Amino acid sequence: MDLYQIFKTRTPIIGVVHLSPLPTSPRWGGSLKAVIDRAEQEATALASGGVDGIIVENFFDAPFTKNRVDPVVVSAMTVVVQRIQNLVTLPVGLNVLRNDAQSAMAIASCVQAQFIRVNVLTGVMATDQGLIEGEAHQLLRYRRELGSDIKIFADVLVKHARPLSSPNLTVAVKDTIERGLADAVILSGWATGSPPNVEDLELASGAAGTTPVFIGSGADWENIATLMQAANGVIVSSSLKRHGRIEQPIDPIRVSQFVEAARRSWNSKSETKSISSVTIHS
């Protein structure tokens, strides 16, 4: 997959819009307008801060269903994404939690989004929602049926979960790409706000070959330079929130600080590669 074709950069920063509770969720507040207003504000803050893409999640719908969400959630997310697209020109993606990849693909196809995130594409993970089984066979056939080219960004050994089989990262990455046909893979820490370690990122990148590897959690302006030495892009949320607290709205100043730190680290990485590729003839 050519990241530049989607994001106009080969090292994309994807900011997350965490939607307020949607209809049928336990904390639903009764006003879809309030959900839309906050989503629009957060998308605008991310765009003005310089991110390269946005992904929309029904994050505050917890506790999540482990697979299919209620149709009203699909409807609400479709409306919200369209409103965001009217405000910003960035590529947009969907993550329908906990693992409703088919609904994410349906929304993305209808609104002409560019990608979706799938928490469990292959294998079986033990989670707080119970056992979640990957349904790559259904998702890939559904994408083909829709005539869609929506890219699939798939988590490997996703956060807030434990694999039932041996947690061999290299095997998991290869299975996700070669057997699940993921277009990109995502590596996270053990929970929201927890970063993956660099050694795991290096292992994942080695196993992924030419398939892009994204940091999926825990990136901030202090650690991004280290993490990006072994990744192609980053999905970031918690550290962009006011005071770094997940329940707070996006802070445009924190977005700008993160983007500046990330760009600086990638420029440094590119310069290092250029210098190392020079051959000196005596």
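Helix H4, residues 101-111, and helix H5, residues 136-146, have axes that come within 10 Å and cross at roughly 20°. Axes here are lines fitted to C-alpha atoms, for helices over the stretch in contact, with angles from 0 to 180 degrees between N-to-C directions. H4 is therefore roughly parallel to H5, as angles under 35 degrees count as roughly parallel, over 145 as roughly antiparallel, 65 to 115 as roughly perpendicular and the rest as oblique. The crossing of H4 and H5 is right-handed (the near helix is turned clockwise from the far one by less than a right angle). On the H4 side the contact, meaning heavy atoms within 4.5 Å, involves Ala101, Gln102, Met105, Ala106 and Ser109, and on the H5 side Gln138, Leu139, Tyr142, Arg143 and Leu146.

This is a predicted model, in which local features need pLDDT of at least 70 and side-chain atom pairs count only at pLDDT 80 or more, while totals for chains, interfaces and linings use all residues. Residues are numbered from 1 along each chain as its sequence is written, and side-chain values use heavy atoms, with hydrogens and water left out. Helices (H or I, at least four residues) and strands (E, at least two) are DSSP runs, numbered from the N terminus.

The axes of H2, residues 32-49, and H3, residues 71-87, come within 9 Å and cross at roughly 40°, so H2 and H3 are oblique to each other. Their contact is made by Leu32, Val35, Ile36, Ala39, Glu40, Ala43 and Thr44 of H2, together with Ala76, Val79, Val80, Arg83, Ile84 and Leu87 of H3.

Next, the largest pocket. A pocket is an open set of points on a 1 Å grid over the protein atoms alone, where a 1.4 Å probe fits, with protein on both sides within 12 Å along at least five of seven lines; lining residues have an atom within 4 Å of a point. The largest pocket holds about 480 Å³ of space. Its lining comprises 31 residues, with Glu57, Phe59, Lys159, His160 and Thr192 nearest the centre. Strands E1 (13-18) and E11 (233-236) each supply at least two residues of that lining.

Finally, the backbone. Most residues other than glycine have a negative phi, and most peptide bonds are trans. The bond from Ala62 to Pro63 is cis, with omega near 0°, and Pro63 lies in the loop between strand E2 (53-57) and H3. The bond from Leu97 to Arg98 is also cis, with omega near 5°; Arg98 is placed in the loop between strand E3 (92-95) and H4.

Methods: Grid points are joined across faces, edges and corners, and a volume is the space filled by probe spheres set on the points.
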